[in-house]
Amino acid sequence: MTNYKMKFVKSAAALALGASVITSAVVAGDLSASAKTTYKVSKGKLVNAKTKKAIKGYKVYKSVLYKDGKKFTGLHSKRYYKAGVKATGTYKGAYYVKGVKKIETGTYKGVYYKKGVKATGYYKKAYYVKGKKVVDTGIYNGKFYKDGKLNIGLALYQDKLYKDTKLNKGLVLFQDKLYKDTALNKDLVLYQDKLYKDAELNKGLVKYEDKYYFDAELANGTYKDENGVEKLYKDGTVVDLAVESVKAVTAKTLEVKFNQAVNVTAADFSVAKGSVKSNVANVVIAEDKKSAQIELTSKLTKGDYTVSVKNGEQTLTGTVTADDEKVAGIQVLSDNAVLSGVTDNDGKTTATVGVQISNQYGEDVTKLNAGNVNVNVSGVATSGTLNPNGTLTLEGITASTVKEGDNIIVTLVNGATATTTTKTVKVSAKSVASSVEVGTLYNKDGKTLSQDTDFSADKFYLPITVKDQYGKEITDADKANNELLITNTNSAVAAFADNNEIKEVTIDGKDVLALQVSSVNLAGTTNVLAISKANGTSAQGTVTVKDGVKIASATLSAPTALVTANKDTYFPLSVVDSEGKEVTTKKALDAINDTVTVTGGTIEEVEGKGLFVKVDHESVVANSPLTVVVNTSTGKVSTQTVVPKAEAVATVVTGISADKATALRQGKSVTIANTDLVIEDQYGQVIKSENNGDVLFKAFASDDTPFTVTNVEGNKSVTIAAKSDYAGAKTSDKLDFKLLDATDAHNAIEASTFTKTFTVVSDSTFASYKVEDVAPIYVTANEAGVYRIVDGYDKDVVVKATSKSGDVVTLDEDTDYSVTGKDASKIKFATGSDTATQTVTVTINSTGEQFTKEITYSKAEAKPAKVELVGPTVDATATKYDLVSKKEITETTAVNAAAIEKLLNVLVTDQYGVKAVDAADTITFTKVSGNATFTGNGTADAKITSAEDGAVVNATINVGGQKATVQLTLTNGITAE
């Protein structure tokens, strides 16, 4: 039976296949012709072999593409043909390879094309010639290209400087560096009026072509030369020391100014009028030593005065023309004339107002000149009398008709100098300051004012009693300040707070008016004059400042320790003050208003040992004499010289830090670092552990050892572990610790060997247990009064076991023992007590033995107990760290807390032993050497606002009342804000 269905399927498939073949033939016919039956080439054209007519459209014949019978040139089906063949070349702005388009503009196989043509020019940071890359950054045809383009401006290539396309010629500044020709400048050179040393702007004082420069500019100012001698420079030339000016500043005082600081004393000054020598009462030399005031015993008179100053072998002189003292000003001190309240038999009364007459120097000369002043009065008064005490009495006032506010016109004339003043005053019956008394200087502890007085601890007051015209005492400070004139005759001796402002203070339980002494400078006396502006009544008081304690001697001794190269060296320093007391602390030395000058080192205090002159390790050179000199202000000198031996080096291990366990339980380990070793140098001196950080060492065990020894961290530490799978008989082993050769870490130095026995211990060997004391734990209560341990303040209960052989092992809590009863929420504090105790129980897991321990809790607020200054990378978790005592600051802007915290961290430890890096509450700056000025001193905002190069300043950091000090050297000075 015939399967029609299958037959039908086969027929359908055949039909489909036939259709496919037909379709393929049609498509192929467009590109591929059959030469056997239809086409042929005749006279270069593709034609129908039968009809001889050209074939229309695109036809491929024998792998050649024809269009309308002609060999095709152009694009067909996105392929490039030339004469019918797929071609390689440029066509209409593109480059083709075997007919396939590869590039229009860009690179193909490393060749640069532009619109399909090999091009010359810049493309993607390279330069091409006829399509070939010749340079990106480099030299081509003698010219410098950068990123494919001819260089414009300055650029470095192969460590040479190019300007545009050629090597640079001459001096030029590039990237803030000075180049000479193609390389960095290596000389002192002036460029654009600035001095460069090598490639940088010059720093410090230097001579160049007969001119001195400070930093990059011509030296103008006072600077220290290479010998530390201060000299004045102007436009690069040293200016000889000279008197700049002399002038009269008071009737008895001449002020001499120098063009630079002088190193002279009061005894070096003399004054002569013509050939007659004048007697000098006192000489006050300014702190900057650039001026001095010379007080004579008698007043200046008309003539020329010559001041002579001895400066070593040189005598400096200056002359001023003075005049006789004369009246230069008359001042009516108040706008009110106070009625006396007294009426005579004629019904007349008087009023008073204060008057002050001053000389050409502004000094009060009322007493001497009152009789030489003519008084003219009009208004409700008819006449007036000027009294020597400065009271102008206005007379002829009719008591029955005078009213408050009536005018009196006063005209005062000094005929000798034609000095005059006119003022309208108003009649006043209100209470005004009419009498004044100045008391004696007061201190609550009866102390004497001296140059050493610490005004932060001691207060001194000068009481002033003021009464009005009715005899009633005035206690309002504002009223007293408005109605009195206060004059301090010698502020160089003592000064009063807020520019002589009267204050309300309490003395012996009574509220009084007084002036507060704010500062002292020179020993001596100053007179304080209080004048009533209403009537001229005055009173005078005296403040005396005694000499402070001075430094009588400063004596150096030779170092007690061996002096070796590259090691800080300490020379013992014995200081005795003028009272015969030995000064043993830096604080006590700084408190003395005197100086010790040190050459070659700095004064430091070593805790528990006293004062020393420290020479920094960088200045200690082997076999090079090391000299230190100290000078007192009185010229006493002490010198010591030593010759350092060769630098100390790690030579032998003599021990291991006691806190490192040498008895280990199976599976436990201990890590020993180089800083845990006790190491001696070649001189038998123990090297400080913190200085062993670069020492290399190894530990060695025997072949059959119960320990695994692993040298780690580049042979700077070793981990020793008790093997948990050890099957041998040993329970201990002697381990050798050996230093390694610094130049060959594979070479152990046998002579450096230290041997230590390490032991493996087990629970069965323990003979006793000890629960360590627990330091107080800080707790706080919540709102419900339940206490909890403050985060970070919990402390473990530590248990140590001692074996029968005496080895001590620290046990692990939970694994070896448990602690119960430690629960801060259950403690109760007795009334008025900040501490409470709780008994905890410790149970040894392996034996069941129990021990009790009392734990103390404290609710006292955590407060700083110690402040340490450490390196800027040290954090509160550090167990070992170096303290910072000195730092150099190179920045030239104001130095404040933020600037200091870039150099160091303030590490604060509280009474619970918890450490934290904190910020300073306050900073107090004190000068050690050189000039420096401060603002906000003693506050959190304290800062150094200006300082000369090399000035040294102590910065005392205070946190919660605990302090630490760092010495700052302001290398480049501080520019004033």
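Guide: Let us begin with what a surface patch requires: patches are made of residues with over 30% relative accessible area and no salt bridge, in which like charges are joined within 9 Å and nonpolar side chains (Val, Leu, Ile, Met, Phe, Trp, Tyr) within 5 Å. This is a predicted model, in which local features need pLDDT of at least 70 and side-chain atom pairs count only at pLDDT 80 or more, while totals for chains, interfaces and linings use all residues. Residues are numbered from 1 along each chain as its sequence is written, and side-chain values use heavy atoms, with hydrogens and water left out.

Visitor: What makes Arg79, Lys86, Lys98, Lys102 and Lys109 a patch of positive charge?

Guide: Lys and Arg count as positive and Asp and Glu as negative, whereas His and the chain ends are not counted, and the place of a charge is taken as NZ of Lys, CZ of Arg, CG of Asp or CD of Glu. Arg79, Lys86, Lys98, Lys102 and Lys109 gather on the surface in such a positive patch. Lys102, found in strand S11 (residues 100-103), has a relative accessible area of 37%, and the patch rule asks for over 30%.

Visitor: Why is Lys102 called partly exposed, and which residues form a negative patch?

Guide: Buried means under 20% relative accessible area, exposed means over 50%, and partly exposed lies in between (1.4 Å probe, protein chains only); Lys102, at 37%, is therefore partly exposed. The negative surface patch is formed by Asp476, Asp478, Glu504 and Asp511. Of these, Asp511 is found in strand S58 (residues 510-520) and has a relative accessible area of 57%, so the label there is exposed.

Visitor: How do you know that Asp225 and Lys231 meet in a salt bridge?

Guide: A salt bridge is a side-chain nitrogen of Lys or Arg within 4 Å of a carboxyl oxygen of Asp or Glu, and the side chains of Asp225 and Lys231 have an N to O distance of 3.4 Å, which meets that limit. Asp225 counts as buried at 11% relative accessibility, whereas Lys231 is partly exposed at 31%. The structure holds 30 salt bridges, and Asp498, Glu501 and Lys503 are linked in a network of them.

Visitor: What makes the salt bridge of Lys668 and Asp812 a link between distant parts of the chain?

Guide: The closest N and O atoms of Lys668 and Asp812 are 2.5 Å apart. The two residues are 144 residues apart, with Lys668 in the loop between strand S70 (663-665) and strand S71 (669-673), and Asp812 in the loop between strand S83 (808-810) and S84. Lys668 counts as partly exposed at 37% relative accessibility, and Asp812 counts as partly exposed at 27%.

Visitor: What makes S24 and S26 edge strands?

Guide: Three strands form an open antiparallel sheet in the order S24-S25-S26. Strand S24 (171-174) and strand S26 (183-184) each have a single partner strand, so one side of each is left without a neighbour in the sheet.

Terms used:
Accessible areas come from the Shrake-Rupley method with a 1.4 Å probe; for residues, only the protein chains shown count as cover. Helices (H or I, at least four residues) and strands (E, at least two) are DSSP runs, numbered from the N terminus. Two strands pair if DSSP finds at least two bridges between them.
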